[in-house]
Amino acid sequence: MQKWYHIIPKNTGLSIYVWIIFCILPFFFIFRASSIYEILTGLLLVFIFFLAYRFSFVSDSRLVYLWVSIEMAISLGMTLLFGYIYFSLFLAFFIGNIRHFGGFLSLYIVHLTLTLATIAYTFVQQLDSIFPNLPFIIITVIGVILLPFTVRYRNQQQDLENKLEDANQRISQLMVIEERERIARDLHDTLGQKLSMIGLKSDLAAKLMTAKPDKAQKEVEDIQHTARNALKEVREMVSNMRGMKLKDELIRVQQIIEAAEMEFTYEGNLGKTSIPALTENVLSMCLKEAATNIVKHSRATRCHVQIEASSMELTVTIEDDGIGLPETMDPFQGHGLQGMRERLEFVNGRLDLESEQGTKLTLHIPTVIQQGKKEELL
């Protein structure tokens, strides 16, 4: 509940319409009363209950027990006076949200005992207000028993998912930092020594320029040779950083998926497939992005990758058995799918998305890149 006027709980496992019915239902029981005094009393109790229910969510731990006590008393009164027992479900939901296990267990036992005692007392007294609703009362008792533990488990699961999300983001940041440090080390090892050598030889050549021109010329030639070697090594290093092998990326994807405790399966044979370097680089980036999305958002237990190659087209399918994408969501407004589609368009490829039972991404890339696109990329 985010606003002060939000009475209906979120993420309870019950439809919002069920909670709306529970909010409206007490008025039906109240207006069946015979006197205006009873009706006004019932309306006052409903107002105080929802007010206390709201305060129980926003108050600190010292006042929570006071508000819950008031809610239990009102629930007891509504059951005895009007036969309305369903406020106990609201209480059961709130008790499930209590983080401290001791407080949770204490309120759970008190609430369950009070609910069962009230129902037993009503039947002993043979009150007609509650007996006709016996099936619903049984369902309510089951809810009072199970709902607090269900809500508590949901909250713990959400906390773990949030921690996992934070851990994944932290891992991504550490990977970026590690990559930067690696590049810095490579640049230092590649250029540091050679630039120092060029600086020393330049100083020496300047000193020998007038006294010993032959030796100065030799030093200048050494400087040129060292500079060419340094440039060659830098180009090789940049080429290695840009070039991403699909076979190597598959191994990394498998490690990521299995580290998230998912089953990874692969079908295809890259050994017999000739893939242009540009196409392989694009596919590797898309495959990495898809695997990251599966780990972060899918809640899947299985990931399957399939690669099929023909003379004209290369098809890569990434499929999981997770929750899929919401129907109301534009799939290309998040989860990196728009970036994947743009990368594929650079090499005349396309992205197909299916989200029914899980999510299925199919990457189609022609094995021969059009010359215009190739020149544009270069």
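This is a predicted model: local features need pLDDT of at least 70, side-chain atom pairs count only at pLDDT 80 or more; totals for chains, interfaces and linings use all residues.
User: Which are the edge strands of the open sheet of 5 strands?

Analyst: The sheet has mixed pairing, and its strands follow the order β1-β2-β3-β5-β4, with a twist that averages 10° from one strand to the next.

User: In which sense do strand β2 and strand β3 pair, parallel or antiparallel?

Analyst: Strands of a sheet pair through backbone hydrogen bonds, in one of two senses, parallel or antiparallel. Strand β2 covers residues 302-309 and strand β3 covers residues 313-320, and E308 stands opposite T315 in β3. Over 7 bridges, the sense in which these two strands pair is antiparallel.

User: What angle does the direction of helix α8 make with that of β1?

Analyst: Helix α8, residues 246-259, packs on the sheet, where it touches β1 and β2. Elsewhere, helix α10 (residues 337-346) lies across β4 and β5 (359-366), running at about 145° to β4. For helix α8 and β1, the angle between the directions is about 155°.

User: Where in the protein is confidence lowest?

Analyst: The protein averages a pLDDT of 76, and 75% of the residues score at least 70. Under 50 the pLDDT stays over residues 1-6, which have 11 contacts beyond four places in sequence, and it is also below 50 over residues 369-378, a stretch with 13 contacts beyond near neighbours in sequence. Whereas confidence is highest in β1, at 91, the lowest value is a mean of 40, found in helix α11 (residues 371-377).

Technical notes:
Residues are numbered from 1 along each chain as its sequence is written. Side-chain values use heavy atoms; hydrogens and water are left out. Two strands pair if DSSP finds at least two bridges between them. Helices (H or I, at least four residues) and strands (E, at least two) are DSSP runs, numbered from the N terminus. Axes are lines fitted to C-alpha atoms, for helices over the stretch in contact, and angles run from 0 to 180 degrees between N-to-C directions. Contact means heavy atoms within 4.5 Å. pLDDT is the predictor's confidence in each residue, from 0 to 100.
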